Amino acid sequence: MLLPNLKEARKRTDKEVKIIRDEYIIPDNIKNIGKNKKYHVITYGCQMNVHDSENISAILEDLKYTQTDDVDNADIIVINTCAIRENAHNKVVGMLGRIKHLKETKKDIITVFCGCMAQEESIANMLKDKYKWVDIVFGTHNIHKLPIYLSDLYKEKKQEIEVYSIEGDVYEGIPVKRDSKYKAWVNIMYGCDKFCSYCIVPYTRGKQRSRLPEDVLNEVKKLKDDGYMEITLLGQNVNAYGKDLNISYNMANLLRDVANIGIQRIRFITSHPWDFTDEMIDVISKYPNIMPYIHLPIQSGSNKILAMMRRRYTKESYIELFNKIKKKIPNVAISTDIIVGFPGETEEDFKETLDVVDTLKYDLAYTFIFSKREGTPASLMKDDTSMDEKKERLARLNEKVNEYANMNNMKYKDKIVDVLTEDYSEKEGYLMGYTDTMKLVNVKASDEYLGKIVKVKITDVKTWSLDGEVCE
Ligand code: 5AD
Ligand code: SF4
């Protein structure tokens, strides 16, 4: 048993990151354990977790399990968790209750708990003491060892917890079963070294470590050859890509080289304003296959709060960057993340956030109430704003955010846009997909248009989506 440790997780040293290519193995005793059995993976949180779940699914398929959408029907259930805010935590605890109930009626179900919550000391201890029926617990650093843990479980039926609180290495060669045939996630880096004062990610995902350019480029080439239309380069802070590698190669270089492969659509998330260079803006504006959509979290419009958050920029420098991006990248859409109710946020500070939203008129904003994360500096800060007050601020902010989302969408009325239709819409007779600027569109179209970039005329506009019809 190896439990996580917050102090260890916080450490950063000069230790060189290793690229490990041969650690994914399948022990003989479990080669076919999934034959005639089904797996179900439940995923919470960000795209990084969604992609990790694609790895987990592929590992289980390597063991001959087949996927089921019905949790009640599964022989192995994996919960891939998120630790970013308290509400994600509550959802997971609720799900554990449901699975416990299932396990009481079907004793042989194997239950696996992984992801960012597993990296938290208190959670791993809770699983050890109160949830002994959870069979396997592992963290974000050792997904590739799932076959080993299953093999151990088959040899000796007892709870296995192995969570590393290390800085982390880069593992190549872990299989992936992609959810979509048209768009794919591509990790370009892992971890984060920014240590924003509220954020648990640098603890749960370890040190910033980039994949080698050739590994990323080879993956993208293969995706293109396999017919993928869109890739999203993933990282907690993609703009810092390459900084940890001892080569002079950065995010702008990577974007250029990925664009030159010629895949039709390239996206990237998430950008920290601190590392957004002019060189990157130039590359994005130059290549038509790099999509004009940027997620640029601001978090707060108050310089006092930004300093307490340790965000390393001011409201003024953020606005300058925002305007530069808008000026240089034609038709760009920008979205953001905002936290309200950070410790010490006064009504005046909050009004500064509202002012920035009025100035910048975001296409979209993801808004959150500050959530205290154990072990982070912000969890120790004095916080005397009531939850009612915070909820009221969130509602006021959301009203503005929605107003601008709607206003930005209105510009699309009667316009013709390119949409990559990626799935069936919930609306009967419609497909769904996104514009280059990441607007969700329900397209009245038959199956033959699925998985294609189609010209769509926008007929109706809503706050969160557009409706349209094929016009070719
Ligand atoms: N409380 C509330 N929101 C948070 N985020 C990260 N940590 C916290 C927290 N402790 C938000 C930030 C980040 C997004 C992914 O989640 O806005 O950009
Ligand atoms: Fe968290 Fe800040 Fe790193 Fe984003 S940049 S993952 S908010 S510490």
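**Figure 1. Surroundings of ligand 1 in the predicted model.** A nitrogen atom of ligand 1 lies 3.1 Å from a polar backbone atom of Tyr 198, a polar contact being a pair of N or O atoms within 3.5 Å, where, within protein, one must be able to donate a hydrogen and the other to accept it, and residues adjacent in sequence count only if both atoms are side-chain atoms. This is a predicted model, in which local features need pLDDT of at least 70 and side-chain atom pairs count only at pLDDT 80 or more, while totals for chains, interfaces and linings use all residues; side-chain values use heavy atoms, with hydrogens and water left out. Residues are numbered from 1 along each chain as its sequence is written, and chains are lettered from A and ligands numbered from 1 in the order in which they are written. The residues around ligand 1 (one heavy atom within 4 Å of it) are Ile 84, Arg 85, Tyr 198, Gln 299, Asp 337, Ile 339, Phe 368, Ile 369, Phe 370, Ser 371 and Arg 373.

Figure 2. Ligand 2 is surrounded by Cys 192, Lys 194, Phe 195, Cys 196, Tyr 198, Cys 199, Val 201, Pro 202, Gln 236, His 272 and Arg 311. By class, this shell has 7 nonpolar, 2 polar and 2 charged residues; Ala, Val, Leu, Ile, Met, Phe, Trp, Tyr, Cys and Pro count as nonpolar, Asp, Glu, Lys and Arg as charged, and the others, Gly among them, as polar. Phe 195 is not a glycine, yet has a positive phi of about 50 degrees. Phe 195 is placed in the loop between β10 (189-190) and α6 (201-204), helices (H or I, at least four residues) and strands (E, at least two) being DSSP runs numbered from the N terminus.

Figure 3. The domain assignment, automatic or from a database, gives domain 1 (6-162), domain 2 (171-410) and domain 3 (416-470). The C-alpha centres of domain 2 and domain 3 lie 25 Å apart. Contact (heavy atoms within 4.5 Å) joins 20 residues of domain 2 to 21 residues of domain 3. About 1700 Å² is buried between these two domains, 59% of it on carbon and sulfur atoms; buried area is the accessible area (1.4 Å probe) that two parts lose on being put together, summed over both. Tyr 182, Arg 265 and Asn 409 supply 37% of the area that domain 2 buries against domain 3, more than any other three residues.

Figure 4. The side chains of Glu 422 and Lys 183 form a salt bridge (3.1 Å, N to O). There are 10 residue pairs in polar contact between domain 2 and domain 3, both residues at pLDDT 80 or more. On the side of domain 2 that touches domain 3, the elements giving two or more residues are β13 (265-269) and α13 (387-410). Of these, α13 gives the most, with 6 residues.

Figure 5. Asp 278 and Lys 324 meet through their side chains in a salt bridge (2.7 Å, N to O). Asp 278 belongs to helix α9 (residues 278-286) and Lys 324 to helix α11 (residues 315-328), 46 residues apart. The peptide bond from Ile 269 to Thr 270 is cis, with omega near -5 degrees, and Thr 270 is found in the loop between β13 and α9.

Definitions and conventions:
Salt bridge = Lys/Arg side-chain N within 4 Å of Asp/Glu carboxyl O.
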